[in-house]
Structures are given as C-alpha cells and as structure tokens.
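Subject: Structure handover and findings

Hello,

Here is the structure for you to look over. My notes on it follow below.

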Amino acid sequence: MCCPNAASRLQLYAALLTSLLLAPRALDAQDESGQQREAPEVRELVLNGVHSVSRLNLEQSIATTRSACKSFLWTPICWISRSPTIWDKHYLDHTELRRDVLRIKVFYWKRGYRETTVDTSVVKLRPNQVRVVFNIVEGPPTVIAAMRVDFDSTLIPAGLVRRMTTLATGDPLNLIVLDSMRLNLQLAMWNRGHGDAQVDTIIALDTARRRANVTVRINPRWITTVGTITVRGNEEVSARTIQNSIMLRPGGVFRYVDLTESQRNLYESNLFRLALLSVPPRPDSVKDIDIDVRETKLRDARISGGFNTVDYIQLDGNYTHHNLFGGARRLEVTAILGNLGARPLGNDLFNQIEPDFSDPGVFQQPTWQVSADLKQPAWLGKPENTLALGAFTHRRATPAVYIDRGYGGQLSYTRMLAPRAPASTAYRFEVTRVEAGDVYYCINYGVCDNATIETLRLHQTLSPLALSFGIDRTDVPFSPTKGYIARVDLETATSWTASDFRYNRAYAEASAYTHFRYPSRDPRSQVLAGHIAFGWVRALAAANTDLDLLHPRKRFYAGGSHSVRGYDENQLGPRILTIPPDVLARTGCDVSTIASVAGCDPNSDSLRTRDFTPRPTGGVSLLEGSVEIRVPFGQRMIWAAFLDAGVVGSSHLENFIDINVLVRGAAAVTPGFGVRYRSPVGPIRADLGYNPRQNDELTVVTTAPDSTGRQRMVPLRIKRSFTNAGTARGFWSIFNQFVLHLSIGEAF
C-alpha cells in the first residue's frame with residue numbers, strides 16, 4: 001500500500017487527534033484528584049528547534065504551560081512571592097503532554113512543514129518541580145513552486161488582487177494563510193456586487209519533491225441585487241424609518257459592507273435592543289432582506305454623579321427622546337452641575353489655587369452647562385447624512401485662569417464617509433464673556449491699562465466655522481484593547497463669521513492600542529496604548545482694535561488627568577508667579593514705586609511657596625505624547641504604568657515686550673502609575689504622576705503705583721525657584737513631586 005497523499009495525511013492526523021481527545025480516560029479517572037495533587041509543577045518550558053514559526057503562537061497552541069508571573073510588571077514581586085494573585089501555577093499532565101506532540105505536528109503541518117518530528121523529555125529540577133522540553137525537528141517545508149490567481153480584471157482591480165495575494169512562489173504552503181486569502185477575495189467580490197462569487201483553491205502536490213502548484217480561481221457568477229425588504233417586530237418605529245436608516249435599497253446592488261453597516265446603524269440609533277438582518281437562501285441573484293427588530297424604550301432619563309480633582313463633586317442629568325415626531329429624530333437635553341464642594345475641599349485636600357479676583361472664592365462657585373440638541377439622522381433620505389441643531393448656555397471655570405460664560409447655538413452637518421469615519425462641518429454662534437483678573441489680561445493679551453481691560457470684559461462674539469474628520473477602528477468604545485482612533489479639527493473665525501475673536505486653529509490627535517497575553521494565560525488582555533496630540537493657533541486682528549486677541553478657550557494648556565499627569569490641571573506650559581505687594585513687603589523691600597519693587601528678591605527666606613500663585617498663560621502650540629500599559633488583576637481591577645510628555649509653545653504678545661521675553665514655552669516628561677476599577681459607568685481611575693523636576697525658575701509679577709498713583713503690573717528682575725508639581729503644605733509637602741488625579745474613563 002502506498003503512502004497517503006497530503007489530504008489523506010491531514011485526515012489521518014485529524015483522526016488521531018480526535019481519538020486521543022475523545023478516548024476514555026479510564027486510568028486517569030481512577031484517581032484524578034490524587035494525581036493532580038501529586039503532579040509536579042512545570043517551572044520551565046523549553047521549545048528547542050523552533051525557527052520558522054512564531055514561538056509564542058506555538059506555546060499558545062499546546063496545553064502544557066509553565067508557571068509564571070501574571071505580568072512582567074509584577075516580576076520584582078514574583079521574585080519573593082508566589083501569591084496566586086500575581087503568580088499562575090501550572091502542573092504537568094502526562095496525557096496532555098502526549099497530545100501536545102500531535103498538536104505541534106498539526107500546527108507545523110498546517111503551515112507547510114509536513115515532516116516535523118517531536119520528542120519530549122521531563123527533567124526534575126527539585127522536589128515537585130520539573131522542566132519540560134520539546135525537541136522539535138522542523139524538517140524541510142513544502143514550498144509553493146507556482147502561485148496563480150485566475151480572475152476577471154474588469155470586475156476586480158489587479159492591484160487589489162495582488163495586495164490580497166499574501167502567498168508567493170517560494171513560500172511554505174501555509175494553509176491558514178491560503179484560506180484567509182480565499183475569504184478576503186470572496187468578500188472583495190461581494191463588495192463589488194458579486195454576493196454569490198465562488199473562490200476555489202486547487203493544490204497540485206508533489207510530495208517527493210516537496211513542491212506545490214497553487215491555483216486560486218475566482219468565479220464571479222452574477223451581480224446580486226436587493227429584492228424586497230421585510231421589517232418584522234416593530235411597534236412604535238415605522239418600517240419606513242427603519243428602511244431609511246439602512247444602506248440597502250430595493251433594486252440596488254447587494255454588498256457585504258452595506259449589510260454590516262446597516263445593522264450597525266440600527267443598533268447605534270438606540271431604538272432597538274435587537275436588530276438582525278438575514279438573507280433567506282435562494283438560488284437567485286435577487287436577495288430578499290429580512291429585518292427582525294425588538295424595540296427598546298424610546299424615552300429615557302438619567303441622573304448621575306461623579307467626583308474628580310478638577311470638577312470636585314459633579315451631577316449630570318440627561319433626557320433623550322429617540323423618536324421625536326417619528327423619523328428616528330432624536331432630542332437630547334443635558335445639564336451638568338459641577339464644582340460642588342469646592343470650598344471645603346479646595347483649600348485642604350486639593351490645594352485649589354486662589355485666583356486674582358476681587359472675590360477670592362469665585363473659582364469655588366458652582367459651574368454649569370445646559371444644552372439641547374435635535375438630530376435628524378438619514379437626512380434627505382440618505383442614511384449617511386445627519387443634520388443637527390442645538391442651543392447651549394454655560395458657566396465654566398479653568399482653575400486659576402478664567403471664568404468663561406456664554407450662550408448661543410450651532411448648526412452642523414455630518415456625513416459618514418466610511419464605517420465609523422465621519423466628516424462634519426459646523427457653524428457655532430456664541431456670545432461669551434471672560435471673567436478674569438488684571439493679571440490674566442496683562443499676561444495673556446499684553447493689555448495692562450484698565451480702560452482696555454474693561455472693554456475686553458464685556459460680551460464678545462465667538463463664532464467659528466469648523467471642519468472635523470474622524471476615524472475609529474477600536475474594538476470597544478470606552479476601554480479599547482486594539483485598533484486606533486484619530487481626529488482632526490480645523491477652525492476659522494473672521495468678520496465673515498460674525499466673530500469678535502478672530503483666529504485660525506488646527507488640532508489633531510490619535511491613539512493606538514494593542515493587546516497581548518504573554519507571558520500570562522489570563523484571558524483578559526494586557527493593553528499597550530499610545531497617544532499623540534498636536535495643536536496650533538494664530539490670532540488675527542480683532543474687531544475695533546489692532547491687537548491679536550485669542551479667546552482663552554482657544555489657547556492650549558497641558559497638564560492634568562487627560563494630559564501630562566505629572567502636573568496639576570493646566571500647570572504645564574507658559575506661566576508666571578504672582579504675589580501681592582503687601583506680602584512681598586515682608587522681605588523689607590520698598591514696594592512704593594515701580595523702580596524699587598522691580599529689584600525685590602522673591603527668594604527671600606521670609607517668603608513661602610504658598611505666598612506665590614502660579615498662573616498659566618496658555619500657549620499657541622501644543623505637542624503631547626503618552627504611552628501606557630494596562631494590566632488586569634483581581635475581578636474588576638486594572639493597574640497601569642504610564643509615561644507622559646508635552647510641550648506647550650509660548651504666547652505671542654507683540655504689544656507687551658517685557659512679558660513676551662519672560663514668558664516662554666515649557667516641556668516635561670513625567671512617569672507615573674495608577675489603578676482602575678471596572679464600574680458599570682466605565683473605569684474609575686486614580687493616577688499618581690511623578691514630576692522629576694523639583695523646581696522651575698519662573699518670573700514673578702506684582703503691582704506697584706506709577707507716577708499718577710495707578711497700579712501697574714511689574715515683573716521682578718530676579719526669578720523665583722518654584723516647585724513644579726503640587727502646592728501641598730505642612731506634612732504633605734514631602735509629596736510635592738507627586739500629583740494625584742481622580743477621574744472616570746481612561747486618559748485616552
């Protein structure tokens with residue numbers, strides 16, 4: 001009897017593996033629990049001879065596993081502890097060891113190595129601990145002597161076929177890659193309207209010479225079209241609304257991407273708890289579509305609360321009607337009340353910086369945001385279009401910088417260019433008022449006379465025209481484990497947009513995620529995440545003045561829970577120190593004139609860190625980057641280690657040269673670690689950032705009377721060595737280089 005061919009050999013291996021997996025375990029079952037107790041621990045696993053395949057994938061394909069730390073980040077602790085919380089312990093199972101020999105052979109066989117041999121040995125290291133060795137001889141591969149794809153170039157581009165042909169002449173005959181290639185070609189034909197296309201693979205094998213001729217034939221068959229669309233299970237949502245929400249149209253070409261995107265649209269409408277699209281089998285080019293839905297509640301309201309080190313206690317309220325007047329029209333009303341409890345918490349626990357206002361408690365007053373948005377999906381009958389109209393009012397605070405009041409409305413149009421890849425244009429008209437002290441206007445705008453400052457404190461219009469583009473290729477919304485997400489925002493505000501603040505602005509950011517389990521077998525993946533952001537803004541001449549004015553909201557700030565975490569909120573970037581003249585007088589310095597106060601020494605022993613207030617001035621450019629690894633432990637816990645970096649470009653002040661020279665850009669790199677708790681509302685996050693730079697040399701600014709008796713801003717000629725991170729006092733000052741951030745949701 002001759003040797004079996006390739007197909008027969010695969011069947012033989014499959015039969016042997018099946019018989020081993022299903023064979024009665026009479027001997028093992030006699031005292032399985034006792035054997036488990038007596039089985040030695042596998043402390044080392046060695047795979048000798050692995051050269052042509054992924055060692056990691058091969059290890060994951062077998063049952064024998066070595067004991068190991070659950071994450072390499074726990075390695076220092078694992079040296080001294082074998083706690084089950086951080087250490088995975090695995091024992092030797094001789095039955096599975098024999099099966100692993102077959103598993104390895106099948107693993108290699110599928111990847112073109114059909115003559116692989118495997119031998120095993122178990123070496124005793126110490127009592128109840130062994131080393132398991134697999135000695136693998138891969139043998140020569142069966143290689144592809146010829147690779148050909150037969151297709152109609154008028155139906156599918158030759159370039160696309162070449163990109164999808166992932167096997168080439170000289171490669172090992174990898175059946176896994178070949179099957180993936182076949183499936184990708186079939187989906188590519190379906191996306192061109194050939195839903196019944198067939199892709200066949202033919203392998204002519206020469207076992208003696210270890211050569212294979214591979215032919216892939218694409219049979220397009222016919223164009224498939226959409227027939228009748230039947231909606232079942234709807235009660236309040238009309239069938240017409242459902243049909244307008246999907247990408248498929250009767251008589252249109254039936255494509256795979258339209259089928260999957262239609263189902264996504266139905267789920268993202270929040271109208272249904274179940275939305276299933278199916279195609280009844282029929283030997284015809286016309287495909288009928290059945291849509292089975294189960295509606296959810298069309299109205300919902302919620303109230304939630306949270307706490308972090310920026311907004312303190314915060315309450316959120318939301319009301320949504322998902323089908324207002326029919327047509328899947330969505331009305332969403334949102335109200336946010338924040339800064340609650342800032343007065344008792346700000347002075348002690350989180351050291352809230354006192355602002356330069358006549359009322360020192362202005363930053364401790366509540367903040368709010370109220371908005372109402374009406375969205376019309378499938379605008380003009382196109383499911384990829386969305387039109388939105390909104391109104392809003394707010395009082396927001398940027399700690400130690402400004403209070404931002406405003407009200408207005410906006411109109412936006414969004415078109416989905418590709419699945420989860422929207423592009424939108426929006427016009428926003430807002431009447432805004434910035435409340436800040438004289439220091440803010442003098443430093444940020446270079447405007448130090450009272451008359452001009454009072455003019456800037458009046459209501460101004462901020463009315464940009466914006467374009468934005470985004471793409472989301474992540475696997476889950478709030479805590480991605482793989483994929484990437486990117487966004488680009490462009491804004492312009494000029495007299496044509498009826499804006500008093502005039503500028504051009506660009507901002508772009510991107511995040512990428514990858515997951516891995518090695519060396520742990522924990523099914524929950526460890527995640528490596530990266531983030532980068534870039535921003536640039538240029539002020540144009542403002543209305544009724546030759547000053548280049550930027551609204552503070554359009555400047556760039558860094559530092560905080562979603563930025564460089566080694567700094568407090570907005571504390572990385574151009575900034576100065578301010579000190580009241582009466583406090584500076586404690587040094588014995590004469591503060592009665594501008595000339596005398598400019599020569600005061602802010603490093604006097606009689607002055608303490610808390611006598612100075614750091615003032616972020618904002619920048620005109622931004623570059624940020626972060627890398628973070630997230631490791632699960634316990635039932636709902638994750639711990640993370642991160643490295644953040646950022647650069648904020650200096651302010652551009654043409655009319656106040658002294659401050660422009662003194663206030664410069666700033667850069668920092670800060671490491672840290674944190675923990676997350678997986679809650680129903682998202683990960684609750686606590687991060688502790690470390691700032692390796694203990695001090696910065698910052699310019700100190702105070703006030704002094706001029707010859708007319710009016711108070712003027714005066715920069716001191718000597719700089720102050722100031723602690724960069726934190727402003728803790730007393731015992732807590734030992735933690736000045738650490739900054740704590742509490743928040744809900746990942747940093748990026």
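**What was found**

Start with Arg 221: its relative accessibility is 37%, so it counts as partly exposed. On this scale buried means under 20% relative accessible area, exposed over 50%, and partly exposed in between, with a 1.4 Å probe and protein chains only. Arg 221 sits in the loop between strand E8 (211-219) and strand E9 (225-232). It is not a glycine, yet its phi is positive, at about 55 degrees.

Some ground rules. This is a predicted model, in which local features need pLDDT of at least 70 and side-chain atom pairs count only at pLDDT 80 or more, while totals for chains, interfaces and linings use all residues. Residues are numbered from 1 along each chain as its sequence is written, and side-chain values use heavy atoms, with hydrogens and water left out.

**Overall**

The protein chain has 16 helices and 34 strands. These are DSSP runs numbered from the N terminus: helices are H or I with at least four residues, strands are E with at least two. Of its 748 residues, 42% count as buried. The accessible surface of the chain comes to about 37,100 Å², and carbon and sulfur atoms account for 56% of that. Areas come from the Shrake-Rupley method with a 1.4 Å probe; for residues, only the protein chains shown count as cover. Take contacts (heavy atoms within 4.5 Å) between residues at least 6 apart in sequence: 65% of them join residues at least 24 apart.

**Another positive phi**

Phe 325 is also a residue other than glycine with a positive phi, near 60 degrees. Its place is the loop between strand E13 (312-321) and strand E14 (330-340). Phe 325 has a relative accessible area of 75%, so it is exposed.

**The E1-E5-E4 sheet**

Three strands make an open sheet, ordered E1-E5-E4, with mixed pairing. Two strands pair if DSSP finds at least two bridges between them. Strand E1 (41-48) and strand E4 (117-126) are at the edges; each has a single partner strand, so one side of each lacks a neighbour in the sheet. On average, neighbouring strands are turned by 20 degrees against each other, direction ignored.

E1 and strand E5 (residues 129-137) run parallel and are joined by 7 bridges. Asn 48 has Asn 135 in E5 as its bridge partner, and Leu 45 has Val 132 in E5. Helix H6 (residues 94-110) packs on this sheet and touches E4 and E5; its direction makes about 140 degrees with that of E4. Axes here are lines fitted to C-alpha atoms, for helices over the stretch in contact, and angles run from 0 to 180 degrees between N-to-C directions.

E4 and E5 run antiparallel, with 9 bridges between them. Thr 120 stands opposite Phe 134 in E5. The hairpin of E4 and E5 has 2 residues between the strands, and Asn 128 in this hairpin takes a positive phi near 65 degrees.

**Salt bridges**

The structure holds 34 salt bridges. The criterion is a side-chain nitrogen of Lys or Arg within 4 Å of a carboxyl oxygen of Asp or Glu.

- Glu 96 and Arg 103 meet at 2.9 Å, N to O. Both are buried.
- Asp 489 pairs with Arg 487, with the closest N and O atoms 2.0 Å apart. Arg 487 is partly exposed, at 35% relative accessibility.
- Glu 628 pairs with Arg 676, with the closest N and O atoms 3.3 Å apart. This pair links distant parts of the chain: Glu 628 is in strand E26 (residues 621-633) and Arg 676 in strand E28 (residues 666-679), 48 residues apart. Glu 628 is buried, at 0% relative accessible area. Arg 676 is buried too, at 0%.

Glu 628 and Arg 676 also belong to a network of salt bridges, whose other members are Arg 565, Arg 630, Asp 644, Arg 685, Asp 687 and Glu 746.

**A nonpolar surface patch**

Leu 417, Leu 467, Phe 469, Val 488 and Leu 490 form a nonpolar patch on the surface, with about 420 Å² of accessible area together. Patches take residues with over 30% relative accessible area and no salt bridge; like charges are joined within 9 Å, nonpolar side chains (Val, Leu, Ile, Met, Phe, Trp, Tyr) within 5 Å. Strand E20 (465-472) and strand E21 (483-493) are the elements that give two or more residues to it. Leu 467 lies in E20 and is partly exposed, at 40% relative accessibility.

Best wishes
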